[in-house]
Amino acid sequence: MKERTTELVEGLRHSVPYINAHHGKTFVILLTGAVLKSNNYANIISDIGLLYSLGIKLVIVNGARNQIDEALKNHNIEPKYYKNTRITDAPTLDIVKQITGLLQLNITAGLSMSLNNTPLQGAHISVVSGNFVIAQPLGVEDGIDYCHTGKIRRINNEAIDEQLKRGSIVLLGPVGVSVTGESFNLSSEDVAAEVAIKLKADKLISFCAEQGVLDEQGHVITDLFPIDADNYVNNKEHQGKHLSSEARFLRAAAKACRNGVRRSHLVSYLIDGSILQELFSRDGIGTQVAMEHSEQIRSATINDIGGILELIRPLEEQGILVKRSREQLEMEIDKFTIIERDNMTIGCAALYPYQEEKMGEMACVAIHPDYRNSSRGDLLIEKIAESARNLGLEKIFVLTTRSIHWFREKGFMPAEVDDLPIKKKKLYNYQRNSKILMFDLM
């Protein structure tokens, strides 16, 4: 029981920075037809209710591709596509309108539940739908008439924003109306992306069957640049494959990111709580598309002192690192390189050059405990070595009492006190008896 309590407390502590960061922000969430059919759908709705209760402004866009195809089959109507776009003739449009209307009612009903002993108890969520998306016909391409398939002409983002300010969740479907009073079948991915762009949303989120985008070994790719997402989709198209909802979302996410939406996320609809794990943990659980990775290695600034101190203090208390005061750090901050992940310092190292001997000391090497079984240490060595070469240095050395084998594995060789630069040799602490290891940069 004590162990479970500790896990709960630690989980809450780690999530608080994200709760604060997300409060008052605008998220656009795409619920595809596959999500709405999933056995985990009720949990996803509950998690959306939780996001709402944390003060996040929410726009939900629902898809219906799976349900439409199923209904067409039941009516003995063969679905028609051209260039991965549905051709919506009059009979198909009737079915699209019936299906999307029913789905929107079901979603509204799910978000309206506030029974005791349910995750949405006491939520009292107001869900608003309307003609926020103005459409126009897609037209004719290569002689193919898309009929009632449309594209977005305009988003009434002022009206959506007004509803969000009133505390409502805005629910949009894949059908838009035109200025002539017609209805057009739209891509739900396009609707979600365009709404996110117009609202200057902070996040665009969707779901897929896998944990995210997988590499050839079946591992989740945690970060993608927009160009990576485009290449993924283009590769699927060149293979002649029918685009999945995952691929369609990645294309929409790439566009959204290029137009100001800071991050787009793709998580599994099969994993209970996946959206919460993605949004309220440092490492997430799925794939995110962003203009920059959530993790970066860079030179430290005066604003990083607090993060560095938090990282190195436990190691100083254990005697692994030599103690440094805040004042000393302020004076030497230009010597430090840090690894930052979601505004948290998870790694640091410093380079102290000795120009006369063309040598540099790599010092204060620290990696957050959660990331020590990764390649972050290698990244720090590479960055410090690069900086040393840029200064014209030929060797870097470390003084260590606990990490001798780790540095040996990275190519550092044993050395003696006499091998140190003159100034460093005079400061060598024989009582501490640190081992000296050197790395040749040439």
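**Reading helices, burial and ring pairs in a predicted model**

Colleague: How do I check α7: what should its 12 residues span at 1.5 Å a residue?

Modeller: The expected span is 1.5 Å times one less than the number of residues. For the 12 residues of α7 that gives 16 Å, and the end C-alpha atoms are 16 Å apart, which agrees. Helix names like this come from DSSP runs, numbered from the N terminus: H or I for at least four residues makes a helix, and E for at least two makes a strand.

Colleague: And what am I looking at overall?

Modeller: This is a predicted model, with local features needing pLDDT of at least 70 and side-chain atom pairs counting only at pLDDT 80 or more, while totals for chains, interfaces and linings use all residues. Residues are numbered from 1 along each chain as its sequence is written, and side-chain values use heavy atoms, leaving out hydrogens and water. The protein has 15 helices and 23 strands, and its C-alpha trace spans about 90 × 55 × 35 Å along the principal axes.

Colleague: Back to α7: why is it called largely enclosed?

Modeller: Start with the cut-offs: buried means under 20% relative accessible area, exposed means over 50%, and partly exposed is in between (1.4 Å probe, protein chains only). In α7, 10 of the 12 residues are buried, so the rest of the structure largely encloses this helix. Among the buried ones are Glu189, Glu194, Val191 and Ile197. Across the protein, buried residues make up 47% of the 442 residues.

Colleague: At what angle do the axes of α6 and α7 cross?

Modeller: Axes are lines fitted to C-alpha atoms, for helices over the stretch in contact, with angles from 0 to 180 degrees between N-to-C directions. For helix α6 (residues 157-165) and helix α7 (residues 188-199), the axes come within 10 Å and cross at roughly 75 degrees. That makes the two helices, α6 and α7, roughly perpendicular; the class runs from 65 to 115 degrees, with under 35 roughly parallel, over 145 roughly antiparallel and the rest oblique.

Colleague: Which residues in α6 meet α7?

Modeller: On the α6 side, Asn157, Ile160, Asp161 and Leu164 meet Val195, Lys198 and Leu199 of α7.

Colleague: Where does threonine 88 lie?

Modeller: Threonine 88 is in the loop between β4 (85-86) and α5 (90-112). At 0% relative accessible area, threonine 88 is buried. Contact means heavy atoms within 4.5 Å. Leaving aside neighbours within four places in sequence, threonine 88 is in contact with Leu93, Val96, Tyr146, Cys147, His148, Thr149 and Asn185. For the whole protein, take contacts between residues at least 6 apart in sequence: 70% of them join residues at least 24 apart.

Colleague: Is aspartate 370 buried or partly exposed?

Modeller: Aspartate 370 counts as partly exposed, at 49% relative accessibility. It sits in the loop between β20 (359-367) and α13 (376-390). Aspartate 370 and isoleucine 346 are 24 residues apart in sequence and 8.5 Å apart in space, C-alpha to C-alpha.

Colleague: Now the cysteines: how many disulfides does the count come to?

Modeller: A disulfide is a pair of cysteine sulfur atoms within 2.5 Å, and by this rule the count comes to zero. The sulfur closest to that of cysteine 257 belongs to cysteine 208, 16 Å away, too far for a bond. Cysteine 348 is in no disulfide either, with the nearest cysteine sulfur, that of cysteine 364, 4.5 Å away. Cysteine 257 is buried at 4% relative accessible area, and cysteine 348 is buried at 0%.

Colleague: Last one: how many aromatic pairs does the structure hold?

Modeller: Rings of Phe, Tyr and Trp (its six-membered ring) pair if their centres lie within 6.5 Å; planes under 30 degrees apart are stacked, over 60 edge-to-face, and the rest tilted. The structure holds six such pairs. In one of them, tryptophan 406 and phenylalanine 407 are edge-to-face, 4.9 Å centre to centre with 85 degrees between the planes. Tryptophan 406 is partly exposed at 29%, whereas phenylalanine 407 is buried at 5%. Tyrosine 428 and tyrosine 430 have ring centres 4.8 Å apart and planes at 80 degrees, so that pair is edge-to-face. Tyrosine 428 is buried at 9%, while tyrosine 430 is exposed at 59%. Ring pairs also link Trp406, Phe407, Phe412 and Phe439 into a cluster.
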